[in-house]
Amino acid sequence: MKPTVHIVSYTHWDREFRWEFEQTRMKLVDCVDRLLDIMTSNPDFKSFHMDGQVGLLDDYLEIRPEKEEVIRALVAQGRLEIGPWYTLPDCATLHGESVLRNLQYGVKVSRGYGSVLLCGYNVFSFGQIAQLPQIYSHFGIDTIIFYKSMNPKRSALPEFIWAAPDGTQAYASRLGPEARWNYFFAAHVPIVYDMDPWHRDWRYEYGTQGKVVHTADPEGYAFFHEILDPETSYHKENLQRGFERCLETVKGTAAPETLLFFDGTDFTEPHPLTPEIIAGLRELFSDRYTIRHSRLGVYLEELKAVLASRRDRLEVVTGPMRDGPVGAVHSDVLTMHPELKLANASVENRLVRYAEPLSAAAWAMGIGGYPRTYLDRAWKLLFQSHPHDSIHGLGPRELGEGGLARIRQAGEIAKAVERRAVSMLAKEIDTSASPGTEVFLAVFNTAPFARREIVEAWIDVPAKVALDALRITTLDGAPCGIQEVQRESMRAGIYHPRNRNMPFY
């Protein structure tokens, strides 16, 4: 049988990196607008992979809500591949719960659009954590593709079996030497632009590829030059050389019957002549290869079938994929913008250890409903701050400021949910066993074990009470050890939902 070549069109889209989010979103809207125009006008443009993150569609539809039905139709037809992640998190930097929740939310939102691609798509993080096969298994994902970075000495073949610390196994591929841009660099750029992105003299020359624009003001003169209306060119004379160069990037695979050609890279838009170029490749190579404008999901099914038949040839690899050197996994970013990581960790803990368990306790006791909408909002803000460039503040100053603002906003929601839960629980405590007592202090332990420690508390005592000494007992009368630190006369406010606010002394 002839080997099948799967040309998968895609983009890798950092939610913010070279530009802060809102400027990046303008480019995203341009990209998706052009994609939808191409796909709706040309059925031969078979499919497009949305970078494994469905959050891009949410960001797009906030600006283009009228396009939702078009997107749903393309997802239903299998032409637009979305999910399973919501955003692309840098897993090693985050609380494990954030990694799980991001994937859980991404699968949910993708299914809301109509379908989800169940692929362990990790071609973005600065290294991969060892638990990924275990995490993916909970979502029915048994195949992982990634890069950044695994030492080839750990497996002679690019494909192998990856075992998590708990023993869960998944098929995995570290891709070839040119990773997720093999076809784009080896074939697409030469065929479309008659240029070689691997050449040592790779550079832009004035007067080529369309009109170049950039601002000349003091604030923006060093900003990116942009080609807003790129030429739609096609150099048929480079078809054979481009295809053969791409074949070199997949040599040594354990599954030579089915080959993956990734057509895209960072912030790239679809090319309208892709179907015509693929038709040209078929004319040249149809006697040796079956060439498809394909979906990543179709390739994965073929890959799994081949790997299953050769499982005894595959090596079992354990541990994280962060082999280095530093430049290969960019581990130096872990020390950048610590304010982002510290703020994020604080909010993650507030959500997981306080807001959620206290809300669950109140809901379980029948005290109001579970605040799912508020918690989903807080998590979504965190997910939008967890992409690998965002959480490290990699980009202009405004990028880090925007990420920190989102994290703090999530923290305010978590704090409000937590306070509402403890207030509702405290309100329901039966204090009738202590007649005559005016002030009750409720202490909450959200850990799954008993605790004995010192708690700092500010206790409100009405100003009219002449207090010589402070005594605290449990509800059954047992004394509590206390150490009074200071007293202050204060005026607080009382919020009444049906009356004018009142001072409280």
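By class, the lining of the largest cavity comprises four nonpolar, six polar and two charged residues. Here Ala, Val, Leu, Ile, Met, Phe, Trp, Tyr, Cys and Pro count as nonpolar, Asp, Glu, Lys and Arg as charged, and the others, Gly among them, as polar. This is a predicted model, in which local features need pLDDT of at least 70 and side-chain atom pairs count only at pLDDT 80 or more, while totals for chains, interfaces and linings use all residues. Residues are numbered from 1 along each chain as its sequence is written, and side-chain values use heavy atoms, with hydrogens and water left out.

The lining residues of the largest cavity include Phe 184, His 188, Asp 263 and Thr 268. One cavity of 30 Å³ or more is present in the structure. On a 1 Å grid over the protein atoms alone, a cavity is a set of points where a 1.4 Å probe fits but cannot get out; a pocket is an open set with protein on both sides within 12 Å along at least five of seven lines, and lining residues have an atom within 4 Å of a point. Points are joined across faces, edges and corners, and a volume is the space filled by probe spheres set on them.

Of its 39 lining residues, the closest to the centre are Tyr 193, Ile 227, Pro 230, Phe 267 and Thr 268. Two or more lining residues come from each of α1 (21-41), α6 and β9 (226-227), and α1 gives the most, with six. Helices (H or I, at least four residues) and strands (E, at least two) are DSSP runs numbered from the N terminus.

Helix α6 (residues 182-193) reaches 16 Å from its first C-alpha to its last, close to the 16 Å expected at 1.5 Å a residue; the expected span is 1.5 Å times one less than the number of residues. In α6, 10 of the 12 residues are buried (under 20% relative accessible area; exposed is over 50%, partly exposed in between, with a 1.4 Å probe and protein chains only). Phe 184 and His 188 are among these buried residues. The buried residues of α6 pack against β1 (4-9), α7 (239-248), β10 (258-263) and α8 (274-285), contact meaning heavy atoms within 4.5 Å. Just after the helix, Asp 194 takes a positive phi of about 55°.
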